[in-house]
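Thanks for coming. I will keep this short and go through one structure, a part at a time.

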Amino acid sequence: MPFRRVKFTMNTELIQSPVIYELGHKFEIVTNIRRAEIDADSGWVILELEGALDEIERGLTWVTEQGCDVSSLEGDILAG
Amino acid sequence: MPNVQSLRCKECGRDFPQEPIYVCDFCFGPLEVNYDYDAIVKNISRESIQDGPLTIWRYDELLPASRDNAVNIGAGMTPLLRADNLGKELGLNNLWIKNDAANPTHSFKDRVVSVASTKAVEFDFDTIACASTGNLAGATAAHGSKAGMNTMVFIPANLERGKVLGAAVFGSVVLVNGNYDDVNRLCSELGDDRRWAFVNINMRPYYSEGSKSIGYEIAEQLGWRAPEHVIVPVASGSLFTKVYKGLNEFAQLGIIDSANTKMHIAQPFGCSPVATAFVEGQSHPKPVVPDTIAKSLAIGSPADGYYSVGIANKTGGSGTVVPENEIAEGMKLLAETEGIFTETAGGVVISTLHRLAREGMIGPDEETVALITGTGLKTLEAIEMAVETRTIEPTIRSFDEVVMGAALQ
Ligand SMILES: Cc1ncc(COP(=O)(O)O)c(C=O)c1O
Ligand SMILES: [Zn+2]
């Protein structure tokens, strides 16, 4: 099964909602949190997503629509 | 001589073999080259460095690839220039400019790509790749040519003509229809999918080490000491963290007495996640969507942002957000005082310097080095509105009227 490693960054409102739980239920994706730091008003989570590639793609689009920033672990690749 | 012991996770400290990998399998922290300093200290000295070539490879004891295989088009040993005119303007009596626009493809990226491409050859890759809007594109394309490798340089199709051609001349540019996010995603997928040396993905631990050489050169050119302040333009934060690492390695190895340099972050208003995190007292920069004329600094999700904020804090440095309209002013000020035409990133640095001097963050006599990392010729559009020219008829009379007359007023 293909997997992707991604970093979610969340703001205050998003921290209070179960985005990752819902991602795993709305889509056929297994989510596995590997590293995270969350404080009172923001946070980030590095996780592994396992599933069909287009399902992951759809899931990430949904997460982005919820207002969560999705980036690759290496940060932006496109450099100056 | 590579004195590399392992790649080490910056978060959990686990060691990994020297391979084209960049994240820790256990905690997903970034990997960094870990050296055998006990071996290095026996081999390195000021004299051994001075006997080396006039490129970054004079510091090869502290680089992760061998000088013998170096893909070398002459990166490094750029001038460190005394900047008394600019200093007078800003009230600084001890100011230096490190002019990295003097590199072969006119930016500091030649340093990192020289190391990345050498490593790519050592790892037996036949293809080297990057995604860039300018400086990295030119550096990768040129070193790929020199190395005789297949080269894939991905550029957003709507980039300015000059930048496209400046990289395309080396014969390896692929224009991608799409916005920055599209190019990022494509390259992340290609990075997973192809066995290529992607300079700032799977080569990143090695690539970024190349930037340490700026720190080494500054110390050597100052007469073997570290300055009190360095001002660095920040995009991903790689350069910033590695200049710091370079100065500290020199101190640790006894090549210089100490390194107590205050590290200052310079970012433009339209993309300042790292400087803003510093100012707001947060340790993790929040990703932003870049909108700045300093395109070479337009990284909204900076891989080394967190570490940069930490270093600025630890060293008593700072983070400055430069208003967009001060960028061209900074470029002009440097050009008019020191005869150096820098790109927008340099404008951000000079404006940051101006602010730090004004606010008393840098004392008048404190030794300060401002990093100029790229040339203005690649970003002509940025100063189009800021420069004035005078036009005359081909007669002495017209000259006297328009030019001398204006001078007399
Ligand atoms: C001219 C110039 N200066 C500075 C930087 C900052 O680089 P880093 O990503 O290492 O922070 C870049 C990166 O693209 C650049 O092109
Ligand atoms: Zn780790």
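This is a predicted model: local features need pLDDT of at least 70, side-chain atom pairs count only at pLDDT 80 or more; totals for chains, interfaces and linings use all residues.

The distances and areas I quote are computed from it.

Chain B splits into two domains: domain 1 takes residues 80-106 + 207-383, and domain 2 takes residues 109-206. Note that domain 1 is written as two stretches of the chain. The C-alpha centres of these two domains of chain B are 24 Å apart. Where they touch, domain 1 of chain B contributes 24 residues and domain 2 of chain B contributes 22 residues.

How much area is buried between domain 1 and domain 2 of chain B? About 1,800 Å², with carbon and sulfur atoms giving 45% of that. On the side of domain 1, the residues that lose the most area to domain 2 are B:Thr105, B:Tyr207 and B:Lys295, and together they make up 47% of what that side buries.

Now the polar side of this interface. Four salt bridges are counted between domain 1 and domain 2 of chain B. There is also a salt bridge in chain B between the side chains of B:Asp100 and B:Arg111, at 2.6 Å from N to O. As for polar contacts, 15 residue pairs are found across the interface of the two domains of chain B, both residues being at pLDDT 80 or more. On the domain 1 side, the elements that give two or more residues are helix H8 (204-209) and helix H9 (212-221) of chain B. That side of domain 1 of chain B is made of four nonpolar, eleven polar and nine charged residues.

Next, the contact between the chains. Chain A supplies 23 residues to it and chain B supplies 38 residues. The two chains bury about 2,500 Å² between them, and 54% of this is on carbon and sulfur atoms.

One salt bridge is counted between chain A and chain B. B:Glu11 and A:Arg35 form a salt bridge, with their closest N and O atoms 3.4 Å apart. In chain A, strands E1 (3-10), E2 (30-38), E3 (43-50) and E4 (69-72) are the elements that give two or more residues to the side touching chain B. The residues on that side of chain A are six nonpolar, six polar and eleven charged.

Last, the ligand. Ligand 1 is surrounded by 16 residues, and the closest are B:Asn135, B:Ser236, B:Gly237, B:Leu239 and B:Thr373. Why do we call the site shared between chains? Because the residues that surround ligand 1 come from chains A and B.

A side-chain N or O atom of B:Lys109 is 3.0 Å from an oxygen atom of ligand 1. B:Ala235 uses its backbone instead: one of its backbone N or O atoms lies 2.9 Å from an oxygen atom of ligand 1. For B:Thr373, a polar side-chain atom is 2.6 Å from a nitrogen atom of ligand 1.

That is the end of the tour.

Key:
Residues are numbered from 1 along each chain as its sequence is written. Chains are lettered from A and ligands numbered from 1 in the order in which they are written. Side-chain values use heavy atoms; hydrogens and water are left out. Domain bounds come from an automatic or database domain assignment. Contact means heavy atoms within 4.5 Å. Buried area is the accessible area (1.4 Å probe) that two parts lose on being put together, summed over both. A polar contact is a pair of N or O atoms within 3.5 Å; within protein, one must be able to donate a hydrogen and the other to accept it, and residues adjacent in sequence count only if both atoms are side-chain atoms. Helices (H or I, at least four residues) and strands (E, at least two) are DSSP runs, numbered from the N terminus. Ala, Val, Leu, Ile, Met, Phe, Trp, Tyr, Cys and Pro count as nonpolar, Asp, Glu, Lys and Arg as charged, and the others, Gly among them, as polar. A residue is near a molecule or strand if one of its heavy atoms lies within 4 Å of it.
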